[in-house]
Structures are given as C-alpha cells and as structure tokens.
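Biologist: I am new to this structure and would like to learn how to read its features one at a time. Could you take me through them slowly?

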Amino acid sequence: MKIKKLWPLVAILLAVSASISWTPHAEADTEVPIGTPIGTVLTTDIKADIHGEVIPSMNIDGYTAIAAEDLRRYGFDVAWIPKYRRVEITYTPGKSISPLEDSLRDAVSIGEKIGDVLSTDIRVYYFGQPIPSYNIEGRTAISLNDLSSFGQVEWKEQERKLSYIPSVKFSHDSLKDAPPLVVRLTNAKGLGPISATGSDLRLDGAAFGRVVGDDPMLPVRQLAEKLGYETEWQHDGSLVIDDGTSRFHIINGLSGPMQYWLGGEAEGFDWYRSPVVGSEEIFIHEQDVRSLFGCTTESEDSSNAGISFSLNCPGYQVEDHGVPQTFSGLRNGVQTVTYLSGNKFPVPELQLYNAGQDRSLYSNLFHVSEDGAAEGGYVKYILDSEAPNDTTDNNMVLQLTDGHKILYKKVISADGE
C-alpha cells in the first residue's frame, strides 16, 4: 500500500533531538556519490502509530516513513554499528514505551519540503533481515510499509492513519535492558614470533621490519594490511591506512599521525619514536604499533638472546543502543558494557570530557569492574566514566579508545542545570 499524503515538520525536529549521528545514505544506487540528493522529504497529514501510540512521520517518495531511532521509544532496540555501517532494529517485548509528541503536526503546510533524501552506504536490518532505508541529511528513515513482513501494517482511510503492530515472532526480549554502549571482542589477530636476525626483523621467515639501535621498528603498511586495513600511498610520500571507521594519515616530519573517525578529524598522538621512512614503507616503533592498532606485545622465550616477541591485535564491534543526545545536570556519566576474552587484552578506555576546556582540567572518573561470565567464554566488564559540566561550554565528548585508536566518539550537549 503506497500512501501519498504528507506530514509535519515535527518528525524531523523530533528526529534531530532523538539521537544517532549517522553519515548520509539511502537504499540507493551505490554508484551515486554518498551525500548526493536523490529524493525529497515532505510533511504529511497521515498519522503513523506503533502499538496504537502516535510516532512522528514524514512522506518520502509517496510513502509514510519514520526515523529508525525513534523506535527506541516504542519498545524496540535500535543499534548503530559503525564498524559495519549498519543499523539493526529488533522488537523487544517488555521494554518500556515513552511515545514522542507530535504537537507540530498542524503548524506547517501539508506537502511542504522539509529536507532532502541523500545517498548513503548505511544499511538497515530488521531482526537480521535487510529493509530499504533513506538518509535524511544524516538521519536514517524507514517506510512503515516495509515492515509488513514482520507484523501487521493497517491503513485506516477514514482516520488517515497507518498503523503497525510488530509480531513477537521477530523479537528478542534479551535486548530490552541493553546498555547505551556495548563493546564486543569479535576477533583477534596474532602475529609472531617476530625475531631479530642481525639488523632485520623476520616474521614466518620473511623480512618484517628492522632494528634501529636497540629499537624494533615494524613496517606499518604491511602490518596494517595483515590486520585488514586498506592502505594507500599518496603522491607526497605519505601513507593512509583505513579500516572503514578509523583512518590514519602518516606524514613524514609530523610529530604523530593524523587521525580520523567516520571521516571527521580526531585527536592524534605523538610518536614514541620518530618513524623511519623507506621505499614505499614506513617503519614505526613497537610501542607505536600499540597506540595505532591497540595491539599488545608478548615477549618470547627469555632464554633466547636478542629481540623476539609476538603481537596480539584485537578486533572490536561497538554498538550504540541509545547513547543520549543530551545530558542534564552538573555531573554527567555514561556506562558501557564490554565483553572480552579473559585478560589477554586490556579493557578499552572510556573517556568523558568537556569539549570547551582542556580535558586535563577535569578529573575524568574511569572505573572498570568485572561482572561475571558471559556466553561463549567471554568476561563481562562494566565501564563507567563521568565528568562535570563547564559554565561556558556544556558540550561533552564521549570517546572509547583502544590504545589511541578510536572505537567510538560522540559529542553530547548538556544544559548545565
């Protein structure tokens, strides 16, 4: 059923206040550059409801659509997974419902343009099944009609209402109490032993770095590719390494790498030792490998004279199940649940600091506590971090890091009350 009527600006205004910052995309032709306008968002007089509760809606290409993350207020878990650039929606019976207001419905003209649909590479899944989606200038929307396979969609002409009742067949009640941020160790790559033969380092019999003085210097391009990153040499001799979410640009002469997360520039770090630039390769100190990739080092048999060690490099999946868009109060905190395999890898660091001041001015509280075993032999850890508001700038930065590699970052506004 294609519904061609339009709805209010409230949908976008409420959507903007609701939460996840997602990079532009719709279920569009992948050859279209990301961020290209491919459609129009209009207001509508059609009411949409979930479980009988009104949810802000909009008209996209003649269909009644809603913001995906608004479903969190209607008994659903909605997880944004940056690593895979996907949004996962799951109906969670028993989760509390707190409907959004739709008070601006009559304040705008029906059929008024309120935004553009943009091309994007983000995909949306409902209970593991892909569904079409739209990017509304950084927000993700879905059509209610596309949920008909997962419940009952009913159009009431006289009331001009489109209703959706989700089926418990496509639900998972274990997610009803999902914490705002979840981190999972999904894979780990072991490399070693890496041993010195004269001035050369060798891995599996092949050259893998060099010894400069007494320092082991590893080939960052080769290492990045072994860890699943894409690498690219620039015309100026610099190197870019990218895994789709984290990106580093190593430029000769700079005190440290330039770092980016989801395309935005982030705070980098200073090299422990200046890199050595070779022919289409850059060699960095073993300690800088830890900072760049989050790897840990394990020394080999101490009876063996000289350098011999192995690298253990974790891979994480971060899930945003509803990190708040705003804080209220003079002291703000966020809790994260992390699943790790024993004590092989250090727990990622959760930081919360004020964006308007040097973070060293505040004593960010960071607590880690073990919370028992989880499925698959993993150990569950609880991470807490909190920081006070500032009187001049209440934007708070939430950042999760492994070494210096950013796993998650978000700016959260605070009212300071």
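Biologist: How many bridges join strand β21 to strand β22, and in which direction do the two strands run?

Modeller: Let me first say that this is a predicted model, in which local features need pLDDT of at least 70 and side-chain atom pairs count only at pLDDT 80 or more, while totals for chains, interfaces and linings use all residues. Residues are numbered from 1 along each chain as its sequence is written, and side-chain values use heavy atoms, with hydrogens and water left out. As for the general idea, helices (H or I, at least four residues) and strands (E, at least two) are DSSP runs, numbered from the N terminus, and two strands pair if DSSP finds at least two bridges between them. Here β21 (residues 246-250) and β22 (residues 258-261) run antiparallel and are joined by 4 bridges.

Biologist: Which residue in β22 is the bridge partner of F248?

Modeller: The partner of F248 in that strand is Q259.

Biologist: In what order do the strands of the open sheet stand?

Modeller: The order is β19-β20-β21-β22-β23, which makes 5 strands with antiparallel pairing. Because β19 (230-233) and β23 (264-266) each have a single partner strand, they stand at the edges, and one side of each is left without a neighbour in the sheet.

Biologist: How should I read a disulfide, and which residues does it join?

Modeller: A disulfide is a pair of cysteine sulfur atoms within 2.5 Å, and by this rule the count comes to 1. The link is between C295 and C313, with an S to S distance of 2.1 Å. It connects distant parts of the chain, 18 residues apart, with C295 in the loop between α3 and β26 (296-299) and C313 in strand β27 (residues 308-320). With 105° about the S-S bond, the link of C295 and C313 is right-handed.

Biologist: Is C295 buried or exposed?

Modeller: Buried means under 20% relative accessible area, exposed means over 50%, and partly exposed lies in between (1.4 Å probe, protein chains only). At 3%, C295 is buried, and C313 is buried with a value of 3%.

Biologist: What is L227 in contact with, leaving aside its neighbours within four places in sequence?

Modeller: Contact means heavy atoms within 4.5 Å, and with those neighbours left aside L227 is in contact with K189, F293, C295 and C313. L227 has its place in the loop between α2 (220-226) and β19, and it is partly exposed, with a relative accessible area of 21%. Although L227 and C313 are 86 residues apart along the chain, their C-alpha atoms are separated by 7.8 Å.
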